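This briefing goes through one protein chain by topic. Please read it alongside the sequence and the coordinates.

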Amino acid sequence: MRIRPYIESKDYELLAGWIADEKAHALWCANLIPYPLTRENLRSVLEKSAMDWTDSAYVATEDNGEVIGFFCYSVNTDDNSGFLKFVIVDSSLRGKGRGKEMLQLALQYAFLITGVESVQLNVFAENTAAKRCYEKAGFVERHVEKNVFPYKDELWSRCNMVVTKLERMDEFFDNRLEGYEEHQLNCIEAAQKFYPFTASCLPVGPDVRILDLGCGTGLELDYYFKLNPSANVTGIDLAAGMLAALREKYKDKAITLIQESYFEVPFDENCYDAAVSVESLHHFTKEEKVPLYRKIHQALKADGCFILTDYFAASEEEEIFYRKELGRIKSQQGISDDAFYHYDTPLTVEHEIQALQEAGFSSVEILGHWANTYTLKAE
């Protein structure tokens with residue numbers, strides 16, 4: 001499949017033939033183009049959209065040149081975002097994956113050629129087939145305006161959907177430093193329970209040494225230092241801004257901060273009473289985790305433990321889907337390096353436990369869970 005600019009003399013009749021009736025027309029263009037569709041009113045709207053919004057019209061074609069879809073695309077330079085509108089596919093091809101393929105090609109163009117950070121579109125919630133197609137192409141619902149579009153005796157709701165360019169892990173978190181702690185504690189289910197619970201699972205006593213992987217701004221440490229003010233903590237994180245915020249909070253504590261990937265940092269052996277990680281390791285595969293867990297196991301004292309609190313996939317199918325989806329999105333956005341990008345790829349609890357056991361932990365226990373978030377103790 002390819003995309004090329006829309007050519008009225010070649011493409012209009014095909015496009016017009018895909019719109020079966022007045023309702024299909026309204027679902028397609030929200031009546032921004034007058035009904036019934038004519039060559040003249042489509043041309044007038046496209047010319048105005050090009051002038052007002054920098055819209056360009058495109059068609060998708062098979063490799064033999066057969067036109068099978070249409071869309072408009074514009075770039076908002078104020079926030080470096082793209083916008084798709086008037087998306088439609090040959091009615092005889094709907095339900096066969098061609099719309100998804102066209103959208104993914106449009107997204108490649110948006111991210112690789114126009115360099116935007118995100119792409120949005122609007123769809124009526126009542127247009128369930130189109131919304132499902134957008135979801136399959138990677139769009140996620142951002143917000144819904146209820147009952148905003150009158151069609152005859154009905155009121156339709158407008159759903160805004162978005163695909164966002166993957167961000168490198170450190171940049172993702174530093175870009176969200178302002179408001180990060182409020183988000184973590186108030187927008188993640190049961191966070192106000194599992195952060196203090198995790199802290200309570202760590203050893204308490206004089207000269208206790210803790211290794212914190214993906215420490216961020218230290219939300220788990222906020223609770224732990226209240227239980228054990230004299231603890232000696234080594235925190236590792238990729239995000240410089242997060243570490244700076246943590247350092248500012250705990251100038252008076254025995255805390256060493258390392259800005260690096262915890263996969264790369266060498267750990268001293270047999271020196272930590274416990275290691276801890278909260279809401280960090282769900283970005284990585286089992287194959288990536290086993291060597292890391294082996295390093296952690298070797299870094300712990302004989303009676304040490306690793307406390308892991310994270311969220312997990314509900315099924316193996318879900319785990320496989322997330323991993324494949326990350327690969328697809330990286331390909332779509334032209335990302336070929338091996339850097340860490342922020343995209344959740346959680347394992348199942350069972351696979352997480354297997355990874356810990358393969359790394360040398362002889363005992364792995366579930367200490368608590370809240371929906372799909374679990375706290376594991378590995379010794």
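The model is predicted. The chain holds 13 helices and 14 strands. Its C-alpha trace spans about 80 × 35 × 35 Å along the principal axes. Of the 379 residues in the chain, 50% are buried.

**Aromatic pairs**

- Over the whole structure, a search finds 25 aromatic pairs.
- Trp28 has a relative accessibility of 9% and counts as buried.
- Phe86, at 5% relative accessibility, counts as buried.
- Phe284 and Phe340 form an edge-to-face pair, with 5.0 Å from centre to centre and 75° between the planes.
- Phe284 sits in the loop between strand 11 (272-278) and helix 11 (286-299), and Phe340 in the loop between helix 12 (316-332) and helix 13 (349-358), so the pair ties together parts 56 residues apart in sequence.
- The relative accessible area of Phe284 is 5%, and the residue is buried; Phe340, with 24%, is partly exposed.

**Aromatic cluster and charges over rings**

- One aromatic cluster is formed by Tyr58, Phe71, Tyr73 and Tyr109.
- Arg176 lies over the face of Phe172, 3.8 Å from the ring centre.
- Arg209 lies over the face of Tyr272, at 5.0 Å from the ring centre.

**Helix 4**

- Helix 4 (residues 98-113) has 16 residues, which at 1.5 Å a residue should span 22 Å.
- The buried residues of helix 4 are Arg98, Gly99, Met102, Leu103, Gln104, Ala106, Leu107, Ala110 and Phe111.
- An α-helix has 3.6 residues a turn, so residues three or four places apart point the same way. The buried set includes Met102, Ala106 and Ala110, along with Gly99, Leu103 and Leu107.
- After helix 4 comes Gly115, which has a positive phi, near 70°.

**The second largest pocket**

- The second largest pocket holds about 980 Å³ of space.
- Its lining is made of 39 residues, of which Val87, Val123, Asn127, Ala130 and Tyr134 are the closest to the pocket centre.
- At least two lining residues of this pocket come from each of helix 2, strand 4, helix 4, strand 5 (118-124) and helix 5 (128-136).
- Strand 4 gives the largest share of the lining, with 7 residues.
- By class, the lining of the second largest pocket counts 25 nonpolar, 6 polar and 8 charged residues.

**Backbone details**

- Most residues other than glycine have a negative phi, and most peptide bonds are trans.
- Tyr35 and Pro36 are joined by a cis peptide bond, with omega about 0°.
- Pro36 is in the loop between helix 2 and helix 3 (39-53).
- Asn80 is not a glycine, yet has a positive phi of about 55°. Asn80 lies in the loop between strand 3 (67-76) and strand 4.
- With a relative accessibility of 27%, Asn80 counts as partly exposed.
- Phe86 has a positive phi of about 55° and is not a glycine.

**Glu316**

- Glu316 is in helix 12 and, at 45% relative accessibility, counts as partly exposed.
- How far apart are Glu316 and Thr256 in sequence and in space? The two are 60 residues apart in sequence, and their C-alpha atoms are 37 Å apart.

Methods:
Residues numbered from 1 in each chain as written. Predicted model: local features only at pLDDT ≥ 70, side-chain atom pairs only at ≥ 80, totals over all residues. Heavy atoms only, no water. Phe/Tyr/Trp six-rings, centres within 6.5 Å; stacked < 30°, edge-to-face > 60°. Buried < 20%, exposed > 50% of the residue type's maximum accessible area, 1.4 Å probe, protein only. Helix = DSSP H or I, 4+ residues; strand = E, 2+ residues; numbered from the N terminus. Lys NZ or Arg CZ within 6 Å of the ring centre and 35° of its normal. Expected span 1.5 Å × (residues − 1). 1 Å grid on protein atoms, 1.4 Å probe; cavity = no way out; pocket = protein on both sides within 12 Å on 5 of 7 lines; lining within 4 Å. Points joined across faces, edges and corners; volume = space filled by probe spheres on them. Nonpolar A, V, L, I, M, F, W, Y, C, P; charged D, E, K, R; others polar.
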